[in-house]
Amino acid sequence: MSIAKRSDTFRAAVLYGAIWSVCVAYLASRGGNFLFPISSLILFGIVLTGVAIFLTRKTAAPPVPVARPRVESLAILAYLVIYAAVFFGPLSGWIRNAVPAGSSRELTVLAYKLVVHLALPALLIKVVGGSLSGIFDGGLKRRGVLVTLAAFCVLMIVVVGLLNSIFEQLAARGLSTPAVAGWLLAAWAWMSVEVGVTEEFLFRGLLQSRLTAWIGSAPFAIVATAIVFALVHVPAFYLRGGEEVAKQAANLPQIIALTIAALGPIGIMLGTLWHRTRSFLLMVLVHGAIDTMPNIEKMIRIWS
């Protein structure tokens, strides 16, 4: 890595560190959950991002070609404002409530996510004269990609499962080992489509790639995308309400601080993986693995 690139990385890390520190200090001063952001930064933002860099140290990933960096970046950012305020917030909740709980609701939500995360933004890029070239490259022939893919999928399932005591919950069900393995694979496949394909296309494939081309700095694009990625979760988290949310944050400013400080490090890890591998398949499966364990109980309940 050149001195210029190292300086860029350092400055981007300092920027996010400063933003993260302000958010955590605010949460601590207002009685919000500041411990989750600390653990998230250490685990995802430092340790696992470091692992990603180490495993891909010899990977030569090509850039995603972007025809009109500024126009496409602004178009996606504008779309994300609507996405966060409407699609991912009240409209998403309305659609969930309009369909009875069960498999029909899950299929409806999946179809909806594919439209708002994939079809509409892809159409928008085409309208402003852009291209989707290079986003869907599997990248499996690049050095280190397969090892990174396997390592991170296993790590995400095991780490998230342990942090949320999911393995104990599955053991309490009395399921056999083959049954647990089957449900785990089913949940992983489903989440890889529902959140992996949809969110990785929108945030890493489209937004991060265009910001990188526009501002000319991969580290700053990773940080910017991670913050946007965190912020778009605010409306859904805020509208969810209830005791679960109240334990984490008492009001909207605390929710904003919590999402930036807790989800931002995950976005930085994912952004680093995308920048260094350019493997859409890797991103899809790793993101799916992150959401597998928290959703496996629901998967069993709905589909068994």
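Let me start with Thr-259, which sits in helix H12. Helices here are DSSP runs of H or I with at least four residues, strands are runs of E with at least two, and both are numbered from the N terminus. Thr-259 is buried, at a relative accessible area of 4%. Buried means under 20% relative accessible area, exposed means over 50%, and partly exposed is in between, with a 1.4 Å probe and protein chains only. Not counting residues up to four places away in sequence, Thr-259 touches Ala-230, Val-234, Phe-237 and Gly-264. Contact is taken as heavy atoms within 4.5 Å.

A word on the source. This is a predicted model, in which local features need pLDDT of at least 70 and side-chain atom pairs count only at pLDDT 80 or more, while totals for chains, interfaces and linings use all residues. Residues are numbered from 1 along each chain as its sequence is written, and side-chain values use heavy atoms, with hydrogens and water left out.

Staying with H12, how does this helix pack with H2? Helix H2, residues 35-55, and helix H12, residues 252-277, pack at an angle of about 5 degrees, and their axes are 8 Å apart. The two helices are therefore roughly parallel to each other. On H2 the contact residues are Phe-36, Pro-37, Ser-40, Leu-41, Phe-44, Gly-45, Leu-48, Thr-49, Ala-52 and Ile-53. On H12 they include Leu-258, Ala-261, Pro-265, Met-269 and Arg-276. By class, the contact has 15 nonpolar, four polar and one charged residues.

The terms, briefly. Axes are lines fitted to C-alpha atoms, for helices over the stretch in contact, and angles run from 0 to 180 degrees between N-to-C directions. Under 35 degrees counts as roughly parallel, over 145 as roughly antiparallel, 65 to 115 as roughly perpendicular, and the rest as oblique. For the classes, Ala, Val, Leu, Ile, Met, Phe, Trp, Tyr, Cys and Pro count as nonpolar, Asp, Glu, Lys and Arg as charged, and the others, Gly among them, as polar.

Arg-278 has a positive phi, near 50 degrees, in a residue other than glycine. Most residues other than glycine have a negative phi. Is Arg-278 buried or exposed? Arg-278 is buried, with a relative accessible area of 8%.

Ser-165 also has a positive phi, about 55 degrees, although it is not a glycine. Ser-165 lies in the loop between helix H6, 145-163, and helix H7, 166-172. Ser-165 is partly exposed, at a relative accessible area of 34%.

Next, helix H3, residues 69-87. Its buried residues are Glu-72, Ser-73, Ala-75, Ile-76, Tyr-79, Leu-80, Tyr-83, Ala-84 and Phe-87. Seen down the axis of H3, they fall within an arc of 165 degrees, so they line one face of the helix. The arc is that of the directions from the helix axis to the C-beta atoms. The face of H3 turned away from the buried side carries the exposed residues Arg-70 and Val-81.

That brings us to the aromatics. How many aromatic pairs does a search of the whole structure find? The search finds eight. One of them is Tyr-83 with Phe-88: ring centres 5.3 Å apart and planes at 10 degrees, so the pair is stacked. Rings of Phe, Tyr and Trp (its six-membered ring) pair if their centres lie within 6.5 Å; planes under 30 degrees apart are stacked, over 60 edge-to-face, and the rest tilted. Tyr-83 is buried at 1%, and Phe-88 counts as buried at 15%.

Phe-203 and Phe-229 have ring centres 5.2 Å apart and planes at 80 degrees, so this pair is edge-to-face. The pair links distant parts of the chain, with Phe-203 in helix H8, residues 177-215, and Phe-229 in helix H9, residues 218-231, 26 residues apart. Phe-203 is buried at 0% relative accessibility, and Phe-229 is buried at 5%. Tyr-79, Tyr-83, Phe-87, Phe-88, Phe-203 and Phe-229 form one aromatic cluster.

Last, one more residue of H8: Ser-209. Ser-209 counts as buried, at 6% relative accessibility. Leaving aside neighbours within four places in sequence, Ser-209 is in contact with Val-64, Val-66, Arg-204 and Trp-274.
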